[in-house]
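Trainee: I would like to learn how to read a few features of a model, one at a time. Where do we start?

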Amino acid sequence: MVVTGAGIVTALGTGWQANLQGLLEQRHGFRPVEFFDVSRQRAQTAGVVTLPPMAEFQASIQGRLKLHRHDRSSIIIHQAIQEALSMAGNITLDGVPICVGTSAIAMPIGEAFYRQCLDQPRSMRHQLSRVHGYQAHNQIGAVVRLFGATAEMRIISNACASGASAIGHAFHLIRSGKASRVLAGGFDALSQLVFAGFDSLQALSPSGIPRPFDAHRDGLAIGEGAGFIVLESLQSAQNRDVEILAEMNAYAAATDVHHLTQPHPAGCAALQTMHAACNMAGVEPHEVDYINSHGTGTPLNDVAEANAIASWAGDKIAQIKVSSTKSATGHALGGAGSIEAVISLLAMKEGLIPANLHVRTADDSVKFDLVRAVRRQTLNRVLSNSFGFGGANATILFSKHTAA
Amino acid sequence: MSLVIKGMGAVSPAGWNVSLLLEASLAGAVTPISLLERTANDGTIVSTPVRRVPATPSSPPWGKHSRMRRVSPISRFLVAAALEALGCERVQQCAGGQLRVAILFCTVNGCVHYSNRFFAEVLANPATASPILFPETVFNAPASHLASFLESSAPTDTLLGDEAEFFAALQISEEWLDQDAADGCLVVAAEELDWASSEAARLYHRQSVSSEGAGALYVEKSGEGVIVSTPKVIPYLDTSDRASTARLLLPDEVKTDCLVTSLRGIDRLDAAELACVQDVNCRRISPRIGLGDALSASTAFQCIVAASMVKNNLVKSATAVTLGCSEQAGIAHFTF
C-alpha cells in the first residue's frame, strides 16, 4: 500500500514546506506558553504551534465550524487534514474511513466546563456545547465533516503512541481489503492539565530544551501539533494516477507491562515491534536507512529505546542512523507518532536525515550513529518508533516507492 | 464472519458478576439511586443522582497486584470484568505465555475520577499537584493495568467514541484475530462516576441518571460458545435523524427472539430508538432503565445480557442494538 498525501502542523510551522525548512535550518519551536498559567510550574515553555487568528481561520475554511465548541486542536487538525487531502489530489472524505489518535482530546474545553462548574454552579451558559465539543468523536467529527466525511471513524487513545496506532489501524484496514483508502493521523494540543501533569512527574526539562540521547538529558518538552496521511492501496492510487509519496510496508504493536509510566529498561516491547515490523516487510536492520526514534529526552525512555535498537541491530548497530525530531518539535503526545510518520515521509521524499538537536555528549547507551546535524542522503527505508504511557509500543516502516 | 464468546464478565450497579446483571435485567430491577455531592467555590452544594456499583468485594479478584493499589474505580471494574470473562485457567495461561490475549478497551468518559481530582489540585497549586494521580488520568491507564495483570504483551488499544463504540470494538477484534495478532481478544468497556461527568449527562436531559461499571466479552475465532455475528456500526450523517441510521441496522424483517435495547426510559432521548424497535415483534429488554446509563459499559451490558440469554437457552437468538448519542448506531446478533 502507498501514501499519497501528508499533512503536518508542528511548532516548526504549518505544512510540509515549513517543516522541511525548519528541519533543514535545524530550528526548534520552543516558546513560552502564554494561553494558560505556567508561572508556578518548573517548566514554562513548550513547542507551541502558531495559529491563524480565529476569524481568519473561519473565513478560510469551507463550511462552518462552531468555534465556541472547539479548542486550538480543531484548527490544528483541520490544517493538517487539508494539506493531506490536497496533496493526495484534492480528494474528499466521502466514504473514506478515518483513524485518529489522540491523548488529550479537546482538554481545554473540558477545563472550561470544570471551571464554570466550580465558579458559577448555577450557570449553564455554554456548558452543553462544551460537553458536546469535549468528546473526541464530536470534536473530530465536526472537522472531518467539513471535508465530506461519511464513513466510520476510529479514535485510538494509546497515550503517546496514539498517532502511530491510528496509522496502524488504517494499514490493516487496507491490507485486509476492507478499505481502499483511509485518512489516518493524530493530534494533541497544549492544555493546562496535561502540561501540569508532566510537570508534576518532573518529566519536563526545566530548561525547556529537550536533549534526547544526551548523557545529561533532563526531560522532555511538551509540544503540540498534528500529522495526517492518506493511505491507500496501490491499485487505488494507480487508478487515480496520483503521485505516490512512499510505500507503507509494515506496522507492529506490542504492550510493555513493566510499569505504567516507565519502559522496561531493555526496551523489550520496542524490540518486539521493530523485529515484527521488519519481519512483516522482509527487511533486515542494515537495510533501514534511518530511524526516527521516539526519543523523548527523559532518562528512562532514551536508554530503553537505545538498548532496544542495539539488540535489534546486532553487529550492524554502528551503521544505524537515528535521530529524535522531538528535539525540534517537542513531544506532541497523541500526535507524536503521526507527526513523526510524516517527518519520516518528508525525510525520504526530500532526501535528508533530520538532526537530533541539542546533544552535547551522547549517552553511553548510544551505540548507533546519532545524527546530530542534518544530513543530505537518499533514504530508501525509514522506520519510526512510538511508545506511550501504559506501555503502548508501535513501529511503522515506510519505503521509497519504485514503479513496477 | 463471526466471533465465538468464550467468557463474559460484568461489574454493574446490580453487582460484581454476570449472573447478577442478567438477573436484574430480566427482572427489570431498578437499582438504588444515591446522590453525588460537591461544593462549588461559592459554597453552593450541588447534588446529582447516580446509580453506583455496590462496594468492592472483600476479596477483590485482583488480589494484591501492585498495579491495582492506587487505581480509580474504572480500572477496578475493568479488571474484575475481564478476569471473570477470562476465568482463572486462561489468566494463568496468559501469564505463562501460552495464550496471547489482546485487549480492546472502549470508553466515553475515561478516567474522570482522577482527572477531576488532579485538575482540582492543578487549579489550587500546580507546583504541588500529585504525580501519582496524573498517570491514572490517561485514557489507556485501565487497559494498561489489565495488560500488566495478564502479563500480556499482545496489542492493547483504547478506543474512544460514543455509547455504540463497543460494537466497533467487536469488529476490530475480528480483524485482529484474522491477522493472528492474538489467540483471543478481550473486548471491554468501562466507565466510572464523578460529579463532573454526571452533571454533564444531565445537561442532555434532567432525568438522566448516570451509572458506572464494566462489561467484558472474551472472544476467539472458533470453538464452542455463543456466536456473535456481524457486529456493525453505522455513523450518523445527521444526528438529528438517528432513527434513519438505526433503521439501516434494524430492518423491519429482522428475525430475533429478543432485542436488548439502549432505551433509557426517557421519552425525548428514546424517541429515535423507539421508532425503530416498536415494530419488532419480540421480547424487549432495556438494562439502562433500571441500571442507569453507564455509556459504553451499558452497551457491553446489553451484549452480555443478549449472549447470556442465548447461553442459558432462554432464547435461541438475541440482538443488542444501541443508538449512540452523537456518533453512530451499532448492532450485534447472538446465537448458538
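Mentor: At 2% relative accessibility, A:Ala159 counts as buried; buried means under 20% relative accessible area, exposed over 50% and partly exposed in between, with a 1.4 Å probe and protein chains only. This is a predicted model, in which local features need pLDDT of at least 70, side-chain atom pairs count only at pLDDT 80 or more, and totals for chains, interfaces and linings use all residues. Residues are numbered from 1 along each chain as its sequence is written, chains are lettered from A and ligands numbered from 1 in the order in which they are written, and side-chain values use heavy atoms, with hydrogens and water left out.

Trainee: Where in chain A is A:Ala159 found?

Mentor: A:Ala159 sits in the loop between strand S6 (153–156) and helix H7 (162–175) of chain A. Helices (H or I, at least four residues) and strands (E, at least two) are DSSP runs, numbered from the N terminus.

Trainee: What should I read from the phi of A:Ala159?

Mentor: Most residues other than glycine have a negative phi. A:Ala159 has a positive phi, near 55°, and is a residue other than glycine. A:Phe213 also has a positive phi, about 70°, although it is not a glycine. The loop that holds A:Phe213 runs between H8 and strand S8 (225–232) of chain A. With a relative accessible area of 0%, A:Phe213 is buried.

Trainee: Is B:Gln179 buried or partly exposed?

Mentor: B:Gln179 counts as partly exposed, because its relative accessibility is 28%. B:Gln179 lies in the loop between helix H5 (165–178) and strand S6 (184–191) of chain B. Separation in sequence and in space can be read side by side: B:Gln179 and B:Gln302 are 123 residues apart in sequence and 27 Å apart in space, C-alpha to C-alpha.

Trainee: What are the two separations for A:Gly29 and A:Ile343?

Mentor: They are 314 residues apart in sequence and 15 Å apart in space, C-alpha to C-alpha. A:Gly29 is in the loop between helix H1 (16–24) and strand S3 (30–32) of chain A, and counts as buried at 0% relative accessibility. Leaving out residues up to four places away in sequence, A:Gly29 touches A:Ala11, A:Leu12, A:Ala46, A:Gly47, A:Val48 and A:Ala328. Contact means heavy atoms within 4.5 Å.

Trainee: Which side chain makes a polar contact with that of A:Thr102?

Mentor: A polar contact is a pair of N or O atoms within 3.5 Å; within protein, one must be able to donate a hydrogen and the other to accept it, and residues adjacent in sequence count only if both atoms are side-chain atoms. The side chains of A:Thr102 and A:Asp188 are joined by such a contact at 2.8 Å. A:Thr102 is in strand S5 (residues 98–102) of chain A and is buried, at a relative accessible area of 0%. Not counting residues up to four places away in sequence, A:Thr102 touches several residues, including A:Ile155, A:Ser162 and A:Gly334.

Trainee: Which backbone atom does the side chain of B:Ser298 reach?

Mentor: The side chain of B:Ser298 reaches the backbone nitrogen of B:Ala294, at 2.7 Å. B:Ser298 belongs to helix H10 (residues 296–311) of chain B and is buried, with a relative accessible area of 2%.

Trainee: How many residues does each chain give to the contact between the chains?

Mentor: Chain A gives 57 residues and chain B 61 residues. Buried area is the accessible area (1.4 Å probe) that two parts lose on being put together, summed over both. Chain A and chain B bury about 5,000 Å² between them, 61% of it on carbon and sulfur atoms. In chain A, A:Arg40, A:Tyr114 and A:Leu260 lose the most area to chain B, together 14% of what that side buries.

Trainee: At what angle do H8(A) and H3(B) pack?

Mentor: Axes are lines fitted to C-alpha atoms, for helices over the stretch in contact, and angles run from 0 to 180 degrees between N-to-C directions. Helix H8 (residues 192–200) of chain A and helix H3 (residues 112–124) of chain B pack at about 85°, with their axes 10 Å apart. H8(A) and H3(B) are therefore roughly perpendicular; angles under 35 degrees count as roughly parallel, over 145 as roughly antiparallel, 65 to 115 as roughly perpendicular and the rest as oblique. Among the residues in this contact are A:Leu193 and A:Ala196 of H8(A) and B:Phe118 and B:Val122 of H3(B).
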